Structure formats: structure tokens, C-alpha cells
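Thanks for coming, everyone. Please take a look at the next slide before I start talking.

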Amino acid sequence: MKISDYKTTYENSSTKLSDINRTIALAGIAIIWIFKKDKDGLISVDPRLILPAILFVFALTTDLFQYIYKTIAWAIFYRRKENKIFKNFPDDEWSDELNKYTTAPSLINYTTWVLFGLKIAACLSAYIFLLKFLFIKLACKQ
């Protein structure tokens, strides 16, 4: 395999993991919603489900911030490179220069990876609390 194949593999895997994490966070919120109680027209949730709900919402919010950051950071990087090329090369030469290999700074993805890790950790933690709640519910029914 070429090194570009490895990069494509990890990019596809992280995209898929983000998609799965988003889906299961929404599913977790739906599961919590199933256990809501209506009292006198007011909706209440078992206090043991508040933390998982917060973690699911945190995971989804972090997912959003990850993509906001990533979009802005890469747009700024691209525009700076593009402007530098347009400024330094005549009109007939810039297209060749624009297509040359450029190394991106390694720091550009650190924030993205931190947010990626946080959203995955939040969702996994939420499911641990949710599973604990469900096991207790199951044990009390028997």
C-alpha cells in the first residue's frame, strides 16, 4: 500500500466513527426520552438519566464544534497559500504552483483530534451510565 492509502483509510475510519457516534448519541437521547414521565402535564426524567443526557448533548455539540473548527482552520490555511501563490507568480504560472505539494502545519489538526476524542469519550461515558440505569431497571423488574 502507498502512504496515501493509509491516510485515506484513517480518514474514512474517522469519518465513519464520527457518523456512528452522532447516530448513537441521538439514539441515546431517544432511549432517555422513552423513560420520561408525565406528571400533571409536566415532563420529568429520572435523575439518573440527567448525566447521560448531558453527555449525549455534549458529544453532539463537540461534534459540531469539531467541524466548525476544521472548516475554518483549513479554509484559512488554503486562502493564505492561495494568496501567497497569486501574489508571487504571474497569471500564467500560478495554476502549476497551486497544484504543487504543500505541507500543512501539524498543529492545524490538534484541536480537531482533541474535539474528536472528547465527543467519542462523552458518548461512551453516557452509554455506560445509560446501561447501568437499564440494568438496574431490569433487575428491579424481576
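A word on the source. This is a predicted model: local features need pLDDT of at least 70, side-chain atom pairs count only at pLDDT 80 or more, and totals for chains, interfaces and linings use all residues. Residues are numbered from 1 along each chain as its sequence is written, and side-chain values use heavy atoms, with hydrogens and water left out.

Helices first. Helices here are DSSP runs (H or I, at least four residues), as are strands (E, at least two), numbered from the N terminus. Helix α1 has 32 residues and reaches 47 Å from first C-alpha to last. That is close to the 46 Å expected at 1.5 Å a residue; the expected span is 1.5 Å times one less than the number of residues. Helix α4 also has 32 residues, and its reach is 47 Å.

What is buried in each? Buried means under 20% relative accessible area, exposed over 50%, partly exposed in between, with a 1.4 Å probe and protein chains only. In α1, the buried residues are Ser14, Ser18, Asn21, Ala25, Gly28 and Ile32. In α4, they include Leu115, Phe116, Lys119, Cys123 and Phe133.

Now the aromatics. How many aromatic pairs does the structure hold? Five. Rings of Phe, Tyr and Trp (its six-membered ring) pair if their centres lie within 6.5 Å; planes under 30 degrees apart are stacked, over 60 edge-to-face, the rest tilted.

Take phenylalanine 35 and phenylalanine 133. Their centres are 5.2 Å apart and their planes at 85 degrees, so this pair is edge-to-face. It links distant parts of the chain, 98 residues apart: phenylalanine 35 sits in the loop between α1 and β1, phenylalanine 133 in α4. Phenylalanine 35 is partly exposed at 26%. Phenylalanine 133 is buried at 3%.

Next, tryptophan 74 and phenylalanine 77. They are edge-to-face too, 5.5 Å centre to centre, with 80 degrees between planes. Both lie in helix α2, three residues apart, about one turn. Tryptophan 74 is partly exposed at 30%; phenylalanine 77 is buried at 18%.

There is also one aromatic cluster of Tyr10, Trp113 and Phe116.

Last, the surface. Leu64, Phe65, Ile68, Ile72 and Ile76 form a nonpolar patch of about 460 Å² accessible area together. Accessible areas come from the Shrake-Rupley method with a 1.4 Å probe; for residues, only the protein chains shown count as cover. Isoleucine 68 is in helix α2, residues 50–88. It is partly exposed, at 37%.

Technical notes
Patches are made of residues with over 30% relative accessible area and no salt bridge: like charges are joined within 9 Å, nonpolar side chains (Val, Leu, Ile, Met, Phe, Trp, Tyr) within 5 Å. A salt bridge is a side-chain nitrogen of Lys or Arg within 4 Å of a carboxyl oxygen of Asp or Glu.
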